[in-house]
Amino acid sequence: PGIIGVLTLFICMFALSKSWIKNEEIILFLLCAMALPSSLIMLAQLGNFIRDGKNSVDTLLRLYAENDQEFPLSPEEFKEGDIEFKDVSFGYNKDVLAIDNVSCVFKKGTLSALVGPSGGGKTTISRLIPRFWDVSSGEITINNVNIKNYSENDLLKSIALVFQDVSLFHDSIYKNIALSKPNARKEEVIEAAKSACIHDRIMELPKGYDSTIDEGSAVFSGGEKQRVTIARAFLADAPIV
């Protein structure tokens with residue numbers, strides 16, 4: 001803003017020496033110069049808002065179009081076969097690939113681990129399975145069927161997710177766990193908590209499962225909060241975790 005003001009003043013003085021403008025008009029030009037930077041910033045922000053809005057509309061139109069499609073394959077298919085990546089490549093932008101020609105198989109009924117350095121694509125691979133993004137090339141199959149042939153709704157219902165970033169709400173521990181299955185019986189919630197090794201810690205609290213989780217308090221450590229989300233995933237009882 002300072003540079004623009006000085007430049008404007010210099011131009012105004014030059015114009016005044018040539019009698020192109022009057023003395024009082026200098027103030028008007030300086031006021032405009034002061035407002036120009038903020039106006040340009042607002043214009044740039046408006047461009048970002050328009051772009052984000054367009055992306056949101058495109059996503060909604062795609063989802064509405066999918067609702068009109070028929071997906072003959074049942075979610076039961078998820079329980080019957082392996083998850084396979086076939087020459088899968090994906091990049092968050094066109095210039096850099098997060099994963100390049102990855103082929104691997106996650107066998108049904110087994111525990112699989114992805115091990116590697118930060119930025120190696122581990123999280124990307126896990127988020128391609130529920131179709132948070134679609135692959136750039138190759139295909140991902142479940143039971144030898146491309147996941148694009150399942151509805152996104154069925155796909156998400158059949159996968160229990162535990163994110164790296166803990167997502168808990170300012171509510172009771174019970175409701176935080178039951179979020180994945182609102183009609184669950186209390187016994188199911190407790191069993192899920194036991195499976196996640198957080199039940200004993202919950203019972204140490206004065207109100208037990210009725211204790212309120214407060215992100216600003218020290219009721220739970222980071223690892224204990226993670227166990228609550230793991231209990232939520234266990235309660236969902238999805239074919240894929």
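Student: Which residue just after H6 takes a positive phi?
Tutor: Cys197, with a phi of about 60°. Helices here are DSSP runs of H or I with at least four residues, strands are E runs of at least two, and both are numbered from the N terminus. This is a predicted model, where local features need pLDDT of at least 70, side-chain atom pairs count only at 80 or more, and totals for chains, interfaces and linings use all residues. Residues are numbered from 1 along each chain as its sequence is written, and side-chain values use heavy atoms, leaving out hydrogens and water.

Student: Ok, and which residues of H6 are buried?
Tutor: In H6 (residues 186-195), they are Val189, Ala192 and Ala193. Buried is under 20% relative accessible area, exposed over 50%, partly exposed in between (1.4 Å probe, protein chains only).

Student: Where do they fall, seen down the axis?
Tutor: Within an arc of 100°, so they line one face of H6. The arc is taken from the directions from the helix axis to the C-beta atoms.

Student: What do they pack against?
Tutor: Helices H5 (173-178), H7 (199-203) and H8 (222-236), with contact meaning heavy atoms within 4.5 Å.

Student: New topic: how many aromatic pairs are there?
Tutor: Five in the whole structure. Rings of Phe, Tyr and Trp (its six-membered ring) pair if their centres lie within 6.5 Å; planes under 30 degrees apart are stacked, over 60 edge-to-face, the rest tilted.

Student: What about Phe90 and Tyr92?
Tutor: Their ring centres are 4.9 Å apart with planes at 85°, so that pair is edge-to-face.

Student: Is Phe90 buried or exposed?
Tutor: Buried, at 4% relative accessible area.
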